[in-house]
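The structure is shown first, and the comments follow.

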Amino acid sequence: MTNKKASFPQLFLRLAISVTMLSAVADRFGGWGKNSTWGNWENFEKYTRQITSFLPESLSIFSAYSATFFEILFPLMLVLGFKTRIVAYGTGFLLLIFALSMTICLGAKAPLDYSVWVGSAGAFLLAVQEKYSFTIDNLTKKI
């Protein structure tokens, strides 16, 4: 994805991953109203405890806060195209951990239904690109 034809698909991938992650954050704060999966933070903490049942409860709660922090930070950085490669790897690993946790605790169907594996794979694909189009990285690159 380094040629001109790939510029827009690459941007689309960045935006699709970002919007998807920000949508999940909005959901846990009730941003989707009656269409929410969790609808509020307490329900999201319960869900996080469910998919991290192999962790002590204090680490499970910490993981809910950590995941939310990174699910806000990474998409914003991807939209801006700032530190794109690093953030794409971070996003890929964050989604991979989420997919593995879901698989271990809920079974294989849950991460497939929510396309978590696809999001992780897309982020890793983005991470290995030679250059990035429409990014702050390009504007700040030393010539």
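1. Ile-104 lies in helix α4; helices (H or I, at least four residues) and strands (E, at least two) are DSSP runs, numbered from the N terminus. With a relative accessibility of 64%, Ile-104 counts as exposed. The classes are buried under 20% relative accessible area, exposed over 50%, and partly exposed in between, using a 1.4 Å probe and protein chains only.

2. The model is a predicted one, in which local features need pLDDT of at least 70 and side-chain atom pairs count only at pLDDT 80 or more, while totals for chains, interfaces and linings use all residues. Residues are numbered from 1 along each chain as its sequence is written, and side-chain values use heavy atoms, with hydrogens and water left out.

3. The mean pLDDT (the predictor's confidence in each residue, from 0 to 100) of the protein chain is 94, and 97% of its residues reach 70 or more.

4. Ile-104 belongs to a nonpolar surface patch together with Phe-54, Leu-100, Leu-112 and Trp-117, and the accessible area of the patch is about 520 Å². Patches consist of residues with over 30% relative accessible area and no salt bridge, like charges being joined within 9 Å and nonpolar side chains (Val, Leu, Ile, Met, Phe, Trp, Tyr) within 5 Å. A salt bridge is a side-chain nitrogen of Lys or Arg within 4 Å of a carboxyl oxygen of Asp or Glu. Accessible areas come from the Shrake-Rupley method with a 1.4 Å probe; for residues, only the protein chains shown count as cover.

5. Which residues does Tyr-65 touch, not counting those up to four places away in sequence? Tyr-65, in helix α3, touches Trp-41 and Glu-45 on that basis, contact meaning heavy atoms within 4.5 Å. The side chains of Tyr-65 and Trp-41 make a polar contact at 3.5 Å. Such a contact is a pair of N or O atoms within 3.5 Å; within protein, one must be able to donate a hydrogen and the other to accept it, and residues adjacent in sequence count only if both atoms are side-chain atoms. Tyr-65 is partly exposed, at 48% relative accessibility.

6. Lys-83 has a positive phi, near 55°, and is placed in the loop between α3 (57-80) and α4 (84-106). Phe-134 likewise has a positive phi near 55°, in the loop between α6 (116-127) and α7 (136-140). Most residues other than glycine have a negative phi.
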